[in-house]
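Me: I'm new to this one, could you walk me through a few places in it?
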Amino acid sequence: MAYQWPHKHLLDIEHLCEEDLRFLLDRAHTLEKEAPATGLQTFENRPPTVANVFFENSTRTRLSFEQAQHRLGLQMLSWSLAGSSAAKGESLKDTVANLLAMSVDLMVVRHPDSGALAFLAQVFERQKVQFVNAGDGTHAHPTQALADMLTLEKQLGNLRGLHIGIVGDFLHSRVARSNVLALNLLGAKVHVCGPATLIPDALKSMVDSTSHELDLLLPKLDGVMALRMQVERQSVAYVGSARDFSLRFGLKKSRLNHLIKPIPVLHPGPVNRGVELDGSLMDGENALILNQVANGVLVRTAVLETLLRNR
Ligand code: CP
């Protein structure tokens, strides 16, 4: 039987099976080779209206969603907390209800509270509106994980059985959990490394190994991803200082030069230069950070197209 996308929203990688994830990644791989369609070619009748609703700052996620929306010929509305009535105290529910009154078909939402997207999906369950999670609190960032999987696949091929390391602050990271879930679905071996204070117990049962010695882990890896120290969520306070963190867990050219084979280095951004990554590694040939950004446009196009075509 032909595969049929089964989900109304994209809230979390947790809700996807391997086939769903494969469908989105395969579509993103294909989109790279296709000339962008016009809106009329993509959606035969009225182009759907999409609103980008960002309660937190963003560069990569927001602009790559906008690029994807241009590519699909969608009608686009942009909403930011600054300058909005939410800044005057209007609730999340009321803000979204007002956008719905303006006939929005799909909302891309970023919010500082974990569970904000699940809340919206439940409150507006009876409405046709679809939601895409653009990052909620420390919970999930599913389209970042899709961009990271596409980047790894383009560099390494099939990830099944490959050893991928993730380094840094897992306690405050919405990217980490989404990436672990996606890597597990794709059959990769996942190794997490960081200060004990920044690795929650709940994560340990989801991965193949947990360690606190980066130099012992690196030689075993086919690829490594650094996580951002969430300075705004005070993660530096858990490790003494940014310098202490960098000495033990910072990815540096000097550390990676010892490896027999060069490995790709990822980071979801924004990078705290000199903390998670040193500048020379970040600007060097093994860093795929800007590839992740470019691939973000492809996966977000695949997500929007898939959800809107299966309304
Ligand atoms: N990786 C990421 O979510 O970046 P932005 O905060 O710039 O969207």
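This is a predicted model: local features need pLDDT of at least 70, side-chain atom pairs count only at pLDDT 80 or more; totals for chains, interfaces and linings use all residues.

Me: Let's start with the helices, then. At what angle do H1 and H13 pack?
Reply: Helix H1, residues 18-31, and helix H13, residues 289-309, pack at an angle of about 120°, and their axes are 8 Å apart. H1 and H13 are therefore oblique to each other, and H1 passes H13 in a right-handed crossing.

Me: Which residues in H1 and H13 meet?
Reply: On the H1 side they are Phe23, Leu24, Arg27, Ala28 and Leu31, and these meet Leu298, Val299, Thr301, Ala302, Val303, Glu305 and Thr306 in H13. The residues of this contact divide into 8 nonpolar, 2 polar and 2 charged.

Me: Changing topic to Arg255, is it buried or exposed?
Reply: Arg255, which is found in helix H11, residues 253-256, counts as buried because its relative accessibility is 12%, and the cut-off for buried is under 20%.

Me: And which backbone oxygens does the side chain of Arg255 reach?
Reply: The side chain of Arg255 reaches the backbone oxygen of Gly250 at 2.8 Å, and it also reaches the backbone oxygen of Arg248 at 3.3 Å. Leaving aside neighbours within four places in sequence, Arg255 is in contact with Leu214, Asp215, Leu218, Ser246, Leu247, Arg248, Phe249 and Gly250.

Me: What about Arg62, where does that one lie?
Reply: Arg62 lies in helix H3, residues 60-71, and at 12% relative accessibility Arg62 counts as buried. If neighbours within four places in sequence are left aside, Arg62 is in contact with Asn52, Phe54, Ser78, Trp79 and Ser80.

Me: Now the loops. What kind of peptide bond joins Gly269 and Pro270?
Reply: The bond that joins Gly269 and Pro270 is a cis peptide bond, with omega at about -5°, and Pro270 is found in the loop between strand E9 (265-266) and helix H12 (279-282). For context, most peptide bonds are trans, and most residues other than glycine have a negative phi.

Me: How does Ser103 count in terms of accessibility?
Reply: Ser103 counts as partly exposed, because its relative accessibility is 47%, and partly exposed lies between the cut-offs of under 20% for buried and over 50% for exposed.

Terms used: Residues are numbered from 1 along each chain as its sequence is written. Side-chain values use heavy atoms; hydrogens and water are left out. Axes are lines fitted to C-alpha atoms, for helices over the stretch in contact, and angles run from 0 to 180 degrees between N-to-C directions. Helices (H or I, at least four residues) and strands (E, at least two) are DSSP runs, numbered from the N terminus. Angles under 35 degrees count as roughly parallel, over 145 as roughly antiparallel, 65 to 115 as roughly perpendicular and the rest as oblique. A crossing is left-handed if the near helix is turned anticlockwise from the far one by less than a right angle, and right-handed if clockwise. Contact means heavy atoms within 4.5 Å. Ala, Val, Leu, Ile, Met, Phe, Trp, Tyr, Cys and Pro count as nonpolar, Asp, Glu, Lys and Arg as charged, and the others, Gly among them, as polar. Buried means under 20% relative accessible area, exposed over 50%, partly exposed in between (1.4 Å probe, protein chains only). A polar contact is a pair of N or O atoms within 3.5 Å; within protein, one must be able to donate a hydrogen and the other to accept it, and residues adjacent in sequence count only if both atoms are side-chain atoms.
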